[in-house]
Amino acid sequence: MKAWKEGDYRLQQVISNTRLAPGAFLLKFRKQFDFSAGQIVALGVSTDIEPRFYSIASSEEDELISVLYTEKPDGKLTPMLSMLNPGNPILVSKPFGAFTSFKSEPVFVAAGTGVAPFISALLSNKVRGATLIHGAPYPEYFYFSDYLSEKLGRNYIQCCSRCMPGSHYVGRVTSYLLQWDELDPNRNYYLCGSTEMVVETRSLLISRGVPPDRINAEIYF
Amino acid sequence: MPELLPLYGKTLAELQDIVSQEGLPPYAAMQLADWLYKKNVESIEAMTNISKSAREQLVGRYYVGLSKPEGVSASADGTKKYLFRSGNGKFVEAAYIPETGRATLCVSSQAGCKMGCLFCMTGRQGFQGNLSSGEIINQLRSIPEFKNVTNIVYMGMGEPFDNLENVLRSTEVLTSEWGMGWSPKRITVSSIGIIPAMNTFLSRSSCHLAISLHSPFDEERRMLMPIQNVYPIADVVEEIRKANIAGQRRVSFEYIMFDGLNDSPRHVREISRLLHNLRCRVNLIRFHPIPESSLRSASDETIIKFRDALTSKGIFTTIRASRGLDIQAACGLLSTKGLLKNKD
């Protein structure tokens, strides 16, 4: 059975597929449709393999679309994605999804490649006064950290779960949020990551007084 | 010695592949299906119209693959909750719900769930893995009340459309002539509305479809169900309209009623607008509180008023009875989180 139907996708060419860290890549291809920061695309390498969804990590104004992904050794798609070279074909859906309305002074909370929609929102100048709390296991997985440091200054918080004490907060985003003394229940919180990360973070925010209607989540599934 | 593979849950086409690979006559596939799904044997050795040499050959590579529940809790209202161990060592639950004249089995399709709905206990344990077709049907086959069950609902742990191929295999086994011969009208698959999988399900299965609605408003549903960011309910309903569902097939919308959140006349009006002229029903469900949640159920009085208001708008609306609340078997309460670290 074909996992993709005719009309679901456009055939594109890979412009670049850069390894950012062990197992982590930034894939670029030409933009064929306008999108809103926070939207996702389905990617595939063959119509027989189920597509997977990835948040766009580039500015709405860019001519290229960037997608962050990590290679899952036992996955069906990402080991093939990681082997793509410039010029190789790739199947890309139209951008879709509604994780796109970011209110003023948002708090973005991301784990790993879950930072992508927030990078897109920041690069597209869609938000002001944002705070980004990003969790990763090692320093090299803080993607776009130079840009984010410059853009957000002290409002860019890296939570590094396996780092030695030093330049980063050592621990997970949930540990950081648990003791964050600037946590403001009146701000809007946007979460992006795995189910476990989103569920745990959402519960923690609610326990600290953030109303559920101020929490919006995108789950990678 | 190679790991034995389970036969239970295989479709006829898959059994045909197996007999072909084993060099057995083609009719042996139908014999296998007959023993597995009609005669309900528990071992290959018991399949006595298959030649002894063929059985010996099969036993070297396959086993039936049934597994009994590892635990059961019984509710004062007659509901029973069964605990099963899945192939990856994780646990799932199924709820047997007897009523006058019928008995419903609520089966799980995944260990845990990826969808992270705010009101659901299963979502809190994250995702541990997909169940195979055999593991899904085993929840029916291996309970003592197997022969009493009249209806099956895929409303237990997991999102069925996130494990579509195994769910479709299981409904094929359940509903095929060569399989268990159930009417698809006695089977309901419930989903939060993953559109591509839903469209595939609608085209490949005749079973009923239930969609978790819970709010007709975008922001509110997004708060309750993150999937709204990917597949908005308006798009889900639009796809169902396009499918032009006819005959006895039923589409229902599940609506958990939360006090002060989604129980107002404004919600009635918006549901009415959303479902206008769609042949469907709405099923109202009391919210069963989960720990550390500020959500509360709407009162029975509010739920009845809500039902009447929807009915007056021409939408057939029912209220689901809460069953198995005292054993955490009621809607939204299934969870094996406590077992993830306690058992291997």
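Predicted model: local features only at pLDDT ≥ 70, side-chain atom pairs only at ≥ 80, totals over all residues.
**The interface of the two domains of chain A**

The domain assignment of chain A places domain 1 at residues 10-92 and domain 2 at residues 107-219. Taken over C-alpha atoms, the centres of domain 1 of chain A and domain 2 of chain A are separated by 23 Å. Contact between them involves 18 residues of domain 1 of chain A and 15 residues of domain 2 of chain A. Together the two domains bury about 1,300 Å², and 64% of this area lies on carbon and sulfur atoms.

One salt bridge is found across this interface of domain 1 and domain 2 of chain A. Lys126(A) pairs with Glu60(A) in a salt bridge whose closest N and O atoms are 2.7 Å apart. On the side of domain 1 of chain A that touches domain 2 of chain A, the elements giving two or more residues are β1 (10-21), β2 (24-30) and β5 (64-70) of chain A. Of the elements on that side, β5(A) gives the most, with three residues. By residue class, the side of domain 1 of chain A that touches domain 2 of chain A holds 12 nonpolar, five polar and one charged.

**The interface of chain A and chain B**

Between the chains, 21 residues of chain A are in contact with 24 residues of chain B. Chain A and chain B bury about 1,900 Å² between them, with 58% of the area on carbon and sulfur atoms. Ala98(A), Arg202(A) and Phe221(A) supply 29% of the area that chain A buries against chain B, more than any other three residues.

The rule finds one salt bridge across the interface of chain A and chain B. In a salt bridge of Lys103(A) with Glu219(B), the closest N and O atoms are 3.9 Å apart. Seven residue pairs are in polar contact between chain A and chain B, both residues at pLDDT 80 or more. The elements that give two or more residues to the side of chain A that touches chain B are α5 (195-207) and β12 (215-219) of chain A. The residues of that side of chain A comprise 13 nonpolar, three polar and five charged.

| Salt bridge | Closest N and O atoms |
|---|---|
| Lys126(A) with Glu60(A) | 2.7 Å |
| Lys103(A) with Glu219(B) | 3.9 Å |

How values were computed: Residues numbered from 1 in each chain as written. Chains lettered and ligands numbered in written order. Heavy atoms only, no water. Domains from an automatic or database assignment. Contact = heavy atoms within 4.5 Å. Buried area = accessible area lost by both parts, 1.4 Å probe. Salt bridge = Lys/Arg side-chain N within 4 Å of Asp/Glu carboxyl O. Helix = DSSP H or I, 4+ residues; strand = E, 2+ residues; numbered from the N terminus. Nonpolar A, V, L, I, M, F, W, Y, C, P; charged D, E, K, R; others polar. Polar contact = N/O pair within 3.5 Å; in protein donor to acceptor, adjacent residues only side chain to side chain.
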